[in-house]
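Me: I've got a new one on screen. Walk me through it, please.

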Amino acid sequence: MPIRQEKTELSLIFVNFRSVKLLSEALRSVSSYVFSGRVEVIVVNNDVTEAEAIRDLSKTFPLKLVMLPENNGFGQASNKGADVAVGDILGFLNPDTVLIDGSLEKINQYFKTHPDVGVIGAALVTDDGRPEPWSFGMTQTLFSLFQNKLCRFPRPVADRGERFRVEWVSGAAMFVRTDLFRRVHGFDEEFFLYFEDMDLCERARQAGASVTYMQDIVFRHHGGATQSSRPDQKRRYYVSQDRYFAKHRPKWEGRAVTLFRGFFNA
């Protein structure tokens with residue numbers, strides 16, 4: 001289908017890896033915005049085995065396709081999508097997310113009325129409708145890891161209002177001002193998977209922008225659809241956690257996290 005090239009308000013970027021069937025449902029959930037002409041969709045394909053299926057999908061849905069020859073991680077693929085985006089706002093959505101409540105127009109309006117806000121995270125719920133844990137939070141530190149492990153503090157959501165400031169939001173449903181994203185040089189591609197969202201939010205805040213979590217925009221998140229194995233998932237998580245602590249925390253904290261890793265993940 002023909003692709004709009006002129007300026008749009010919002011560019012939705014999906015990175016596909018082993019998710020083409022789920023991607024179809026995700027696209028249907030935002031189709032009314034896309035066909036209105038105010039939103040463009042960019043699909044970055046990280047899976048050569050699904051290239052033909054992705055091309056077939058583009059015959060019935062207006063997509064910009066970025067076909068990559070190999071999977072070098074979420075951050076790199078997202079940056080490739082942002083390179084061809086023409087929207088004032090970049091929306092990074094996992095292909096296993098489905099918009100179930102709220103309007104994407106609220107995001108655009110919130111950015112317009114809150115010039116200090118640089119990043120917005122939408123609410124994520126599991127398949128059975130429960131709030132997804134770890135979809136937003138404060139900066140990860142050695143203390144916060146101990147706190148989460150020892151105290152098991154509940155994550156307050158409903159009593160904080162529909163919209164509130166946080167320090168990071170999940171990259172599964174993250175919206176960023178395009179000019180800010182480019183100013184901070186996008187995602188750090190050294191993060192193959194995990195922590196690239198925390199890192200981006202940290203750098204956005206360092207650049208003077210704030211991060212907001214919006215509970216009135218809700219996506220159902222299937223979660224874990226692209227993971228090959230639990231050991232591989234844990235390995236990649238630890239590698240990214242080490243990089244995050246090396247970039248943003250004192251050296252002694254990073255060493256302590258490595259030392260106590262078995263305790264934190266027991």
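Me: Which residue in β11 is the bridge partner of V125?
Reply: In β11, V125 has R220 as its bridge partner. Before we go on, this is a predicted model: local features need pLDDT of at least 70, side-chain atom pairs count only at pLDDT 80 or more, and totals for chains, interfaces and linings use all residues. Residues are numbered from 1 along each chain as its sequence is written, and side-chain values use heavy atoms, with hydrogens and water left out.

Me: In what sense do β6 and β11 pair, parallel or antiparallel?
Reply: Parallel, over eight bridges between β6 and β11 (residues 210-221). Two strands pair if DSSP finds at least two bridges between them. Strands (E, at least two residues) and helices (H or I, at least four) are DSSP runs, numbered from the N terminus.

Me: And what about β6 with β10?
Reply: That pairing is antiparallel, with three bridges to β10 (residues 173-177). There, V119 has V176 as its bridge partner.

Me: How many residues of β6 are buried?
Reply: Nine of the nine residues in β6 (residues 117-125) are buried, so this strand is largely enclosed by the rest of the structure. Buried means under 20% relative accessible area, exposed over 50%, partly exposed in between (1.4 Å probe, protein chains only).

Me: Back to R220. Which residue forms a salt bridge with it at 2.8 Å?
Reply: E25, with 2.8 Å between the closest N and O atoms. E25 is in helix α1 and R220 in strand β11, so the pair ties together parts that are 195 residues apart in sequence. A salt bridge here is a side-chain nitrogen of Lys or Arg within 4 Å of a carboxyl oxygen of Asp or Glu. By this rule the count is 20 salt bridges.

Me: What about D127 and R220?
Reply: Their side chains meet in a salt bridge too, at 3.8 Å, N to O. D127 sits in the loop between β6 and β7 (136-137) and R220 in strand β11, so this pair ties together parts that are 93 residues apart in sequence.

Me: What is the accessibility of E25?
Reply: E25 is partly exposed, at 29% relative accessibility. R220 is partly exposed at 23%, and D127 is partly exposed at 46%.

Me: New topic. Where is R203?
Reply: In helix α8 (residues 196-206). R203 is buried, with a relative accessible area of 14%.

Me: Which backbone oxygen does the R203 side chain reach at 2.5 Å?
Reply: That of V184. A polar atom of the R203 side chain also lies 2.7 Å from the backbone oxygen of G186.

Me: What else is R203 in contact with?
Reply: Leaving aside neighbours within four places in sequence, R203 is in contact with V184, G186, F187, D188, K247 and H248. Contact means heavy atoms within 4.5 Å.

Me: Next, α9. Where do R236 and D232 lie?
Reply: Both are in helix α9 (residues 230-248), four residues apart, about one turn of the helix. R236 is partly exposed at 24% relative accessible area. D232 is buried at 16%. Elsewhere, salt bridges that share partners join D188, D199, R203, R243 and K247 into one network.

Me: Now the core. Which residues touch the most other members of the largest one?
Reply: V44, V119, V169, M174, V176 and F181, out of 45 residues in the largest nonpolar core. Helix α8 gives the most to this core, with four residues. A nonpolar core is a set of buried Ala, Val, Leu, Ile, Met, Phe, Trp, Tyr and Cys residues joined through side-chain atoms within 4.5 Å.

Me: What does M174 touch?
Reply: Not counting residues up to four places away in sequence, M174 touches residues including L90, F92, V119, I120, V169 and L200. Apart from this core lies another, of 34 residues, among them L10, L23, L93 and A172.

Me: One more helix. Which residues of α3 are buried?
Reply: A51, I54, L57 and S58, in α3 (residues 51-58). They cover an arc of only 120° around the axis, which puts them on the same side of α3. The arc is that of the directions from the helix axis to the C-beta atoms. The buried residues of α3 pack against β1 (8-16), α1 (20-29), β2 (39-45) and β3 (64-67).

Terms used: A polar contact is a pair of N or O atoms within 3.5 Å; within protein, one must be able to donate a hydrogen and the other to accept it, and residues adjacent in sequence count only if both atoms are side-chain atoms.
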